[in-house]
Amino acid sequence: MQRILILGGTGFVGRALCEHIPHSPALAGARVLVPSRRRERGKHLFPLPHVDVVDANVHDEATLVRLLAGCDAVVNLVAILHGTPQAFRAAHVDLVQRLVGACLKTGVRRLVHVSALGVPDDPAQAPSNYLRSKAEGEGVLRQAAASGLSVGILRPSVIFGAQDRFLNLFAALQRLFPAMPLAGSQARFQPVWVEDVAAALVKLLEGGQTGVYEAAGPQVLTLAELVQRAGRWSGHARPVLPIPDFAGRMQATMMGLLPGEPLMSTDNLDSMKVPNVASGRLPGLAELGVTPHALDAVGPGYLGEAGAMARQMDLWRSLARRG
């Protein structure tokens, strides 16, 4: 029986991955271990009979060694979108270094890692802390691969799906406000469905492919077009008002002063300077045997009126946590 450790498994992508694993003939019977600092965060995984959610701090190397003992592979989904340079480094670089060290100590030879589209090979070329730390983390993995660790890296564009905190948030905001002031409105994305990302990760676990793969959907859309779709499909379309960079940075700075996780940060704006689209220079979902679904085919189904109340409640909970 295979044993797979998933770091960040209680999150959006982790949930989809845990649900996909039992349907893979190559991974049939696999046990999945999902650590979390607070086990209750993974309660949505409790009904899955092949998943064990445990209390653990994965940023502690001794804990990682204990978790990896007896595992055949590990998937790293840990990522943050907001924070200080030190926080980005802790999540995207330091953790990766500890994970590689723990793999070498325990003999785990297979590591699958989720990065992001737009990550440069040279961290110095990155315009944001997010992309810079992601690039540094990939550099750690390249060095580990040169030492014999089997590493597969997936770089997705923005990920959408029924539980996303991206399009759902914009839909909820348009339900509450008469207009949508939007910085970075012309930033380009190639949104990819969470189910396609999960399928790609399963393929990487099954086949042991190494190197970097890009995960992007078939549509390239601007941020403004994404926000407009979220509003239209949810039945609460509002005018999108593009704002210049300096105003967007002022807005993001003020949001960053509020308690809780900001809706937008200046680092997000810096990241959006790099098109979040497939480069075409690297293998993609097709090479993993995955046919991506278009946002236009999936989005209306989960952004419709049936989900409006849930979106509004989620938004109010998010705002309440700021207080």
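How many aromatic pairs does the count come to in this structure? It comes to 3, with the rule being that rings of Phe, Tyr and Trp (its six-membered ring) pair if their centres lie within 6.5 Å.

Hi everyone. Before the details, a word on the model: it is predicted, so local features need pLDDT of at least 70 and side-chain atom pairs count only at pLDDT 80 or more, while totals for chains, interfaces and linings use all residues. Residues are numbered from 1 along each chain as its sequence is written, and side-chain values use heavy atoms, with hydrogens and water left out.

Back to the rings. A pair of aromatic rings is described by the distance of the centres and the angle of the planes. Planes under 30 degrees apart count as stacked, over 60 as edge-to-face and the rest as tilted. Phe166 and Phe170 make an edge-to-face pair, 5.6 Å centre to centre with 80 degrees between the planes. Phe166 and Phe189 are tilted, at 6.2 Å and 50 degrees. This second pair links distant parts of the chain: Phe166 is in the loop between β7 (159-160) and α5, Phe189 is in strand β9 (residues 188-189), and they are 23 residues apart. Helices here (H or I, at least four residues) and strands (E, at least two) are DSSP runs, numbered from the N terminus. Together, Phe166, Phe170 and Phe189 form one aromatic cluster.

Phe166 counts as buried at 19%, Phe170 at 11% and Phe189 at 10%.

Now look at helix α5, residues 167-176. Because 8 of its 10 residues are buried, α5 is largely enclosed by the rest of the structure. Phe170 is one of those buried residues, which also include Leu169, Ala172 and Gln174.

My last stop is Asp267, in helix α9 (residues 266-271). Asp267 is buried yet has no salt bridge, meaning a side-chain nitrogen of Lys or Arg within 4 Å of a carboxyl oxygen of Asp or Glu. Which side chain of opposite charge is nearest to Asp267? That is Arg132, 5.9 Å away; Lys and Arg count as positive and Asp and Glu as negative, with His and the chain ends not counted. A polar atom of the Asp267 side chain does lie 2.7 Å from the backbone nitrogen of Asn129. Leaving out residues up to four places away in sequence, Asp267 touches Phe88, Ser128, Asn129 and Tyr130 (contact means heavy atoms within 4.5 Å).

Notes. Buried means under 20% relative accessible area, exposed over 50%, partly exposed in between (1.4 Å probe, protein chains only). A polar contact is a pair of N or O atoms within 3.5 Å; within protein, one must be able to donate a hydrogen and the other to accept it, and residues adjacent in sequence count only if both atoms are side-chain atoms.
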